[in-house]
Amino acid sequence: MIITDENAGRRLDKFLFSYLNNAPHSFIYKMLRKKRIKLNGKRAEGNEILQPDDELKFYLSEETIASCQIKREIPPAPPLTGIIYEDSDLLVVNKPAGLPSQGGMRANDHLLARIQYYLQSRTAAICNRLDVNTSGLVICGKNIPTLQAVNEAFKTREVKKEYLTIVHGNLGEVGLTRTLEGIYKKDEKKNIAGICQIDVLAETSQSGINTALTKFLVLAVSDKYSLLQVSPITGRSHQIRVHLASIGHPPVGDKKYGGSPTPFAKAQLLHCKRLEIPAMGKAWDAPIPKNMSDCINKLFKGAFQ
């Protein structure tokens with residue numbers, strides 16, 4: 001068999017575990033040692049990284065190969081909606097609030113399940129996660145090379161992220177920008193984060209310190225609320241929510257971090273509006289959800305459209 005772009009970038013053993021999904025790992029390694037599985041005509045160890053057009057040969061009977069494979073159906077999932085962009089490598093979706101990004105939290109229905117059922121591919125995976133009640137753009141890679149490239153772009157902060165949120169309190173004049181810095185900690189058991197407002201520059205040299213950097217722009221204000229464009233520089237869980245709460249301006253409706261209830265949503269009004277990867281020449285925008293648009297029109301009398 002010839003390795004295609006879809007599987008390029010994977011370790012050989014990981015590919016074999018997937019391809020021969022009913023065989024014990026010990027059997028696969030044994031076949032590699034006995035040269036019953038060869039890569040490009042040579043003995044392989046299993047730790048090689050597959051490249052496009054690599055040739056993989058199995059010196060096994062058809063019956064043996066068949067016994068090592070079980071067809072695993074992708075479980076049915078609700079229809080995937082909100083597709084913003086799709087090509088042979090990428091799928092970008094506008095996730096609705098209330099839908100988990102992936103499994104966990106005892107959720108059987110989540111965005112990744114819908115994506116994999118839509119694509120009929122278990123290889124597909126999401127590159128960025130949004131909180132359950134945060135809406136907006138999620139990037140999915142359809143193959144290993146694309147996943148690696150996009151994940152690296154997020155890791156090296158090459159992805160430009162733009163969120164929209166409404167917070168309690170007046171944060172000043174329209175056009176004001178500010179960058180928040182702090183030390184980030186999270187209690188995984190309670191699923192709640194915290195920010196310590198201390199001198200980040202003095203602490204970043206210490207091992208184990210997680211910094212959080214969040215930039216925001218004031219778009220509109222009223223007596224009690226502010227509309228913000230937020231650009232998280234780091235990518236911590238709950239970062240925008242906890243960072244704004246740490247300065248006394250939690251997103252409206254975000255009960256976990258001190259926000260008061262709103263008639264427009266059950267939880268925080270936070271929306272990932274734009275993602276851009278300059279190195280790839282890609283940028284996407286997601287329309288503002290109706291409940292957020294209604295809230296903006298109500299609180300700021302249409303000052304922002």
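**Reading exposure, charge and salt bridges**

Biologist: What is the relative accessible area of arginine 43, and what does that make this residue?

Modeller: In this predicted model, arginine 43 has a relative accessible area of 45%, so it counts as partly exposed, because that class covers values between 20% and 50%. Arginine 43 is found in strand β2, residues 42-43, and belongs to a positive surface patch together with Lys30, Arg33, Lys34, Lys35 and Arg36.

Biologist: Is histidine 110 buried or exposed, and where is it found?

Modeller: Buried means under 20%, and histidine 110, at 13%, is buried. Histidine 110 is found in the loop between β5 (90-95) and α4 (111-119), where a polar atom of its side chain lies 3.1 Å from the backbone nitrogen of alanine 113.

Biologist: How many salt bridges does a search of the whole structure find, and which residue pairs with arginine 241?

Modeller: A salt bridge joins a side-chain nitrogen of Lys or Arg to a carboxyl oxygen of Asp or Glu within 4 Å, and the search finds 10 of them. Arginine 241 pairs with aspartate 131, their closest N and O atoms being 3.0 Å apart; this pair links distant parts of the chain, 110 residues apart, from helix α7 to the loop between β6 and β7. Arginine 241 is buried, at 7%, and a network of salt bridges links Asp131, Arg241 and Asp254.

Biologist: Where do aspartate 294 and lysine 290 lie?

Modeller: Both lie in helix α8, four residues apart, about one turn of the helix, and their side chains meet in a salt bridge of 2.8 Å, N to O. Lysine 290 counts as exposed at 62%, whereas aspartate 294, at 30%, counts as partly exposed.

Note on methods: Residues are numbered from 1 along each chain as its sequence is written. This is a predicted model: local features need pLDDT of at least 70, side-chain atom pairs count only at pLDDT 80 or more; totals for chains, interfaces and linings use all residues. Side-chain values use heavy atoms; hydrogens and water are left out. Patches are made of residues with over 30% relative accessible area and no salt bridge: like charges are joined within 9 Å, nonpolar side chains (Val, Leu, Ile, Met, Phe, Trp, Tyr) within 5 Å. Accessible areas come from the Shrake-Rupley method with a 1.4 Å probe; for residues, only the protein chains shown count as cover. Lys and Arg count as positive and Asp and Glu as negative; His and the chain ends are not counted. The place of a charge is taken as NZ of Lys, CZ of Arg, CG of Asp or CD of Glu. Helices (H or I, at least four residues) and strands (E, at least two) are DSSP runs, numbered from the N terminus. Buried means under 20% relative accessible area, exposed over 50%, partly exposed in between (1.4 Å probe, protein chains only). A polar contact is a pair of N or O atoms within 3.5 Å; within protein, one must be able to donate a hydrogen and the other to accept it, and residues adjacent in sequence count only if both atoms are side-chain atoms.
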